[in-house]
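Work through these exercises with the structure open. Try each task before you read its solution.

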Amino acid sequence: MKNVVYSVYLIFDEQGQYMPKQSKCDCPNGWLFCSHSLAMFLLIYLIQQQRDWTFENIVQFLPIPIKSLQSFPFAASYVFGKLEVSKTGRKKGAPWIL
């Protein structure tokens, strides 16, 4: 995983309305609505819905980071379905990858 920390600034007015033009993230896509901003909104929503949760409860609820999953081996059949080998040795079963 990258060791980069981005600051996310979500700005709201006095009535609680989100102000997208004033909000930003320090990531390269932060001038638009990036995934870091979305993650912050989801975290705020989760905290509002589960007020009695501790920090540990929130951490356990979060998904495993995709980068850590990419290092695990898995069967190609999970991605490509069943693959067969013809008599000529050519793979059959997923024509869009052949």
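This is a predicted model, so local features need pLDDT of at least 70, side-chain atom pairs count only at pLDDT 80 or more, and totals for chains, interfaces and linings use all residues. Residues are numbered from 1 along each chain as its sequence is written, and side-chain values use heavy atoms, with hydrogens and water left out.

**Exercise 1. Find the salt bridge and classify the accessibility of Lys-24 and Asp-26.**

Step 1. Start with the rule: a side-chain nitrogen of Lys or Arg must lie within 4 Å of a carboxyl oxygen of Asp or Glu.
Step 2. Search the model. It holds one salt bridge.
Step 3. Check the distance. Lys-24 and Asp-26 meet through their side chains at 3.4 Å, N to O.
Step 4. Recall the background. Side chains of opposite charge can pair when their charged atoms come close.
Step 5. Apply the accessibility classes: buried is under 20% relative accessible area, exposed is over 50%, and partly exposed is in between (1.4 Å probe, protein chains only).
Step 6. Lys-24 has 41% relative accessibility, so Lys-24 is partly exposed. Asp-26 has 39%, so Asp-26 is partly exposed.

**Exercise 2. Place Gln-22 in the chain.**

Step 1. Note how elements are assigned: helices (H or I, at least four residues) and strands (E, at least two) are DSSP runs, numbered from the N terminus.
Step 2. Locate the residue. Gln-22 sits in the loop between β1 (8–9) and β2 (24–25).
Step 3. Classify it. Gln-22 has a relative accessible area of 44%, so Gln-22 is partly exposed.
Step 4. Look along the loop. Ile-11 is eleven residues away from Gln-22 along the chain, and their C-alpha atoms are 6.2 Å apart.

**Exercise 3. Which geometry do the ring pairs Phe-12 with Phe-41 and Tyr-18 with Phe-41 have?**

Step 1. Count. The rule gives five aromatic pairs.
Step 2. Take Phe-12 and Phe-41. Their centres are 6.2 Å apart and their planes stand at 85 degrees, so this pair is edge-to-face.
Step 3. Trace the chain. Phe-12 is in the loop between β1 and β2, while Phe-41 is in helix α1 (residues 35–49), 29 residues apart.
Step 4. Check accessibility. Phe-12, at 39%, is partly exposed. Phe-41, at 23%, is partly exposed.
Step 5. Take Tyr-18 and Phe-41. With centres 4.9 Å apart and planes at 80 degrees, this pair is edge-to-face.
Step 6. Phe-12, Tyr-18, Phe-33 and Phe-41 make up one aromatic cluster.

Definitions and conventions:
Rings of Phe, Tyr and Trp (its six-membered ring) pair if their centres lie within 6.5 Å; planes under 30 degrees apart count as stacked, over 60 as edge-to-face and the rest as tilted.
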